[in-house]
Amino acid sequence: MVASGLVELVKDELPFQEDEAFILSEDVRAGLVLVDIINGFCSVGAGNLAPTEPNKQISGMIEESARLAREFCKRNWPVIAFLDSHHPHKPEPPYPPHCINGSGEDNLVPALQWLEQEPNVTINRKDCFDGFIGSMQKDGSNTFIDWVKTNEVKAILVVGVCTDICVLDFVCSTLSARNAGLLPPLEDVVVYSLGCATFDFPVHVTRNTKGALAHPQALMHHIGLYMAKGRGAKIVGEVLIDPLKEL
């Protein structure tokens, strides 16, 4: 692991202030976006890119994502879940084969599998990092854009993995599309820091792995959030449910 002192040094050099808590209420039409909370990235031993042992950051992300998903479903608010799903003969460099269609790696983690039966949930399988690009259909339509417009979503709350890869790519594309006027009525892209996680590939492991890039978890999680903030996303450390609007 990267020394905690180095992580704190980077945070000092690349600081950002989290936005105020995001309050979910009937006053703002919000949609929940779940990014790749699947076995191949989150379940221990489930594949080439899955954790090899229990990981606190990933477990916390799953717990928070499941909590929010239940609140959204209880209120019949819109949810979309991106699931990384690859054809076995279509590689995704620089990563080894992962989340192959039908392998089980491409399915939601056990804590979220119930979502597949919920009427307010859209399951969107994608074959690339970016859920926005992965939503493009052969007829030129885009599943995510249609979801925003159909549900009149004004703010999206984004959670999932990996903070600095699939989450960041999706957030950046969505912000660009919003700025270009392609996503009305979407206004805010909100990333919940405790609802996101990334993987840990320490420096000492990469030294023995040809061509590998180090990926220290705490450091890259911070950088992912920092980059999203710099692109215009709101980064929050707390998500609240308006008690006056609960059903």
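A66 is found in helix α3. Helices here are DSSP runs of H or I with at least four residues, strands are E runs of at least two, and both are numbered from the N terminus. The structure is a predicted model, in which local features need pLDDT of at least 70, side-chain atom pairs count only at pLDDT 80 or more, and totals for chains, interfaces and linings use all residues. Residues are numbered from 1 along each chain as its sequence is written, and side-chain values use heavy atoms, with hydrogens and water left out.

A66 counts as buried because its relative accessibility is 12%. Buried means under 20% relative accessible area, exposed means over 50%, and partly exposed lies in between (1.4 Å probe, protein chains only). Leaving aside residues up to four places away in sequence, A66 touches A111, L112 and W114. Contact requires heavy atoms within 4.5 Å. A66 and E238 are 172 residues apart in sequence, and their C-alpha atoms are 15 Å apart in space.

Helix α3 covers residues 56-74. At 1.5 Å a residue, its 19 residues should span 27 Å, and the end C-alpha atoms are 27 Å apart, so the two values agree. The expected span is 1.5 Å times one less than the number of residues. Buried positions in α3 include I58, M61, I62, L68 and F72. E64 and E71 are also buried. N55 caps the N-terminal end of α3. A side-chain oxygen of N55 lies 3.1 Å from the backbone nitrogen of Q57. Just after the helix, N76 takes a positive phi of about 60°.

H215 lies in the loop between α6 (203-206) and α7 (217-231). H215 counts as buried because its relative accessibility is 7%. Its side chain reaches the backbone oxygen of F199 at 2.9 Å. This is a polar contact: a pair of N or O atoms within 3.5 Å, where within protein one must be able to donate a hydrogen and the other to accept it, and residues adjacent in sequence count only if both atoms are side-chain atoms. Beyond residues up to four places away in sequence, H215 touches D164, I165, T198, F199, D200, F201 and M220.

L225 lies in helix α7. At 5% relative accessibility, L225 is buried. It touches F16, T163, V191, S193 and I235, again not counting residues up to four places away in sequence. L225 and W77 are 148 residues apart in sequence and 25 Å apart in space, C-alpha to C-alpha.

Two cysteines were examined for bonding. C162 is buried at 11% relative accessibility, and C166 is buried at 6%. For C162, the closest cysteine sulfur is that of C166, at 6.3 Å, which is too far for a bond. A disulfide is a pair of cysteine sulfur atoms within 2.5 Å. By this rule the count is zero disulfides.

The chain has seven helices and eight strands. Its radius of gyration is 18 Å, which agrees with the value near 18 Å for a compact globule of 247 residues. That radius is taken over C-alpha atoms, and the globule rule is 2.2 Å times the number of residues to the power 0.38. Along its principal axes the C-alpha trace spans about 50 × 45 × 35 Å. Buried residues make up 49% of the 247 residues. Among contacts between residues at least 6 apart in sequence, 75% join residues at least 24 apart.
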